[in-house]
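Have the structure open while you read.

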Amino acid sequence: MSSNSSSSVTGSPLSLIAEVTHRCPLHCLYCSNPVEMQRAESELSTDDWRRVFQQAAEMGVLHLHLTGGEPLARRDLPELIRAGREAGLYVNMITSGVGLTEERLATLVEAGLEHLQLSFQDLDEVSANHIAGTKAHAIKLALVPVLKRFPLAFTINLVVHRMNLDRLEEFIALAEDLNPDRLEIAHVQYYGWALKNRSLLMPTEDQVQRSLPIVDAARQRLKGRIHLEAVFPDYFGSFPKACVGGWGRQMMLIDPAGQALPCHSAAIIPGLSFDTVREHDLAWIWESSSAFQRFRGDAWMSPTCLACPRKEQDFGGCRCQAFLMTGDPDAIDPVCSYSPHHGLLQSLRVSDPEVLPIWRG
Ligand code: FES
């Protein structure tokens, strides 16, 4: 029996993803928020979040990612940041930047904000605003020099797909000019709203192949200056990603209403029920919640995965993707070339630029 065979907890989570609201001024075609979003009235209070952050720090969590929706939609954001910092967490905010003035940013940095992540939808304004469903591109560009006036680490995230992948070289050059500490080039992952828009966003094989040396060249060029991370498009892969670092291994996500999820998409998997931080403390949820136990360890895996040494690297791949592609959340992730469903990927790589876009509500 392997050391990873049980569903027992192997350690503390490293990261807490706090979706403090699902409200957002952007309506991105690929938003990873659930299609059924939590309403503002059901959001956790400041005190609820303060308690959660303290419990997270006591468990050994290191990183707090404040995200949404748009965290700036919360009026109590400085208090939330301060609560995370006072608990001893490293506080990152993932934001569109819409509504972030220099004055407001000063308040957030003074409260303890240490890192900020800004996503760009494209390099030209018309296309970027089209993908975001609102006029946000110029605001983001104008925000970058303001960020530089503060002691704040800064990541730029470029989300790529069929509609912008042909401009990847110029897109990276734009990010390079903005001189972040980190650059993420992330292919769209097909969950939530991106799944609804899959055929619109799906790159062609040719686009993907042409993008790979561009990313490699950027990695070499930026070495020692900007740390680059790239997320490969699953549908063109041969082995699955270690989604969320393995189910129930590294991170917890708390949605705006306080439900604790092992990944941002877990609610799509039938039969899972999610405990809430209103009723349980975080350590209990991490150790005992049935949702976190469901795919922890390897007891749930197929004989193929159990016998595969890669299970220590990919932890069985993505459960949400296995369910979405096969209807069975226990199935081998079809991205894996050992999956009997691997051929499905070919048929799902359907690109249709004419299909009508569906923007996040
Ligand atoms: Fe849920 Fe990958 S998104 S396990």
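Let's begin with Cys28, which lies in the loop between β1 and α1. Before going on, note that this is a predicted model, where local features need pLDDT of at least 70, side-chain atom pairs count only at pLDDT 80 or more, and totals for chains, interfaces and linings use all residues. Residues are numbered from 1 along each chain as its sequence is written. Helices (H or I, at least four residues) and strands (E, at least two) are DSSP runs, numbered from the N terminus.

**The cysteine loop**

Cys24 is found in the loop between β1 (15-19) and α1 (46-59). According to the unreviewed UniProt entry, the annotation "binding site" covers Cys24, Cys28 and Cys31; UniProt positions are in the numbering used here, feature names are shortened, and such annotations may be inferred rather than shown by experiment.

Are Cys24 and Cys28 buried or exposed? Cys24 counts as buried because it has 24 C-beta neighbours inside 10 Å, and Cys28 counts as buried with 24 as well. The cut-offs: buried takes 20 or more other C-beta atoms within 10 Å of a residue's own, exposed takes 12 or fewer, partly exposed is in between, and C-beta atoms are placed from the backbone.

| Residue | C-beta neighbours inside 10 Å | Touches |
|---|---|---|
| Cys24 | 24 | Gly68, Gly69, Glu70, Ala73 |
| Cys28 | 24 | Gln121, Ile131, Ala132, Gly133, Trp193, Arg360 |
| Phe295 | 28 | Trp247, Trp300, Gly316, Arg319 |

**The sheet**

Now for the strands. Nine of them form an open sheet with mixed pairing, in the order β7-β6-β5-β4-β3-β2-β1-β8-β9. The edges are β7 (227-231) and β9 (260-261), each with a single partner strand, so one side of each is left without a neighbour in the sheet. Pairing here takes at least two DSSP bridges between two strands.

Strand β3 (residues 90-95) is mostly covered, with five of its six residues buried. On one pairing, β3 runs parallel to β2 (residues 63-67), joined by four bridges, and Leu66 stands opposite Met93. β3 also pairs with β4 in the parallel sense over four bridges, and there the bridge partner of Met93 is Leu116. Moving along, β4 (residues 115-120) and β5 (residues 153-160) are parallel too, over six bridges, with Gln117 opposite Thr155.

What kind of unit do β2, helix α2 (residues 77-86) and β3 make? A right-handed β-α-β unit, and β3, helix α3 (residues 102-111) and β4 make one as well. Right-handed means that, with the strands pointing away from the viewer, the path from the first strand over the helix to the second runs clockwise.

With 28 C-beta neighbours inside 10 Å, Phe295 counts as buried. Pro329 is 34 residues away from Phe295 in sequence, yet their C-alpha atoms are 9.3 Å apart in space.

Just after α14, Gly327 takes a positive phi of about 85°.

Definitions and conventions
Contact = placed C-beta atoms within 7 Å. Lists of a residue's contacts leave out its neighbours within four places in sequence.
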